[in-house]
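Let us walk through this structure step by step. Keep the sequence and the 3D view side by side.

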Amino acid sequence: MHSSVENGLSEQDGVPVVRLADKDLSFEAAVDLVTSCIAQLVARGQPHLLLDVRGVGFLSPTLGERLDMVRRWAKAADGRLRVALVMPVHFFDAENIGVISAGNLGLAGQVFLDEVGAMRWLQDERAADLRRAEWPPEP
């Protein structure tokens, strides 16, 4: 099952999805919107979010903007949400500064250039969570 709501929360294969597709949305407004969605998901006990920002019109965030963004998202997630971020290629940072910083702040996440890879990663992480929950295995 797949549904899409521009600039809102939808669901795909049981995973919450936020697709930012408003070319007029500012970076600050996008961060606010995602922070709110993260807080809602955490309140519902949802452990995953697929965030697709390929449809935004703003320029690639600066290092300072990225760090502020991950600080806000990490605080909202409170260590209870994993984020797969799908971004346009010109946003990609080969050094993964944002991913590393997010992890250091307690926000598990990874970046992708396509939704298929992002969904696969979330599903793999979910399967790993379930295996850990069943540890130790039954004799």
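A polar contact is a pair of N or O atoms within 3.5 Å; within protein, one must be able to donate a hydrogen and the other to accept it, and residues adjacent in sequence count only if both atoms are side-chain atoms. This is a predicted model: local features need pLDDT of at least 70, side-chain atom pairs count only at pLDDT 80 or more, and totals for chains, interfaces and linings use all residues. Residues are numbered from 1 along each chain as its sequence is written, and side-chain values use heavy atoms, with hydrogens and water left out.

Start with Arg19. It is found in strand E2; strands (E, at least two residues) and helices (H or I, at least four) are DSSP runs, numbered from the N terminus. Arg19 is buried, at 12% relative accessible area. Buried means under 20%, exposed over 50%, partly exposed in between (1.4 Å probe, protein chains only). Its side chain makes a polar contact of 2.8 Å with the side chain of Glu115. A second one, of 2.9 Å, reaches the side chain of Gln12.

Glu115 is among the buried residues of H4, as are Trp121 and Leu122. Asp114 caps the N-terminal end of H4, with a side-chain oxygen 3.1 Å from the backbone nitrogen of Val116. What covers the buried residues of H4 includes strands E1, E2, E3, E4 and E5; contact means heavy atoms within 4.5 Å.

Now the sheet. Five strands form an open sheet in the order E1-E2-E3-E4-E5, with mixed pairing. Two strands pair if DSSP finds at least two bridges between them. E1 and E5 stand at the edges with a single partner strand each, so one side of each has no neighbour in the sheet. Inside the sheet, E3 and E4 run parallel and are joined by five bridges. His48 stands opposite Arg82 in E4.

The largest one has 30 residues; Leu20, Ile38, Leu49, Leu51, Val53, Trp73 and Leu81 touch the most other members. Elements giving two or more residues to this core are helix H1, strand E3, helix H2 and strand E4. H1 gives the most, with eight. A second, separate core of 10 residues includes Val86, Phe112, Ala118 and Met119.

Methods
Core = buried A, V, L, I, M, F, W, Y, C linked by side-chain atoms within 4.5 Å.
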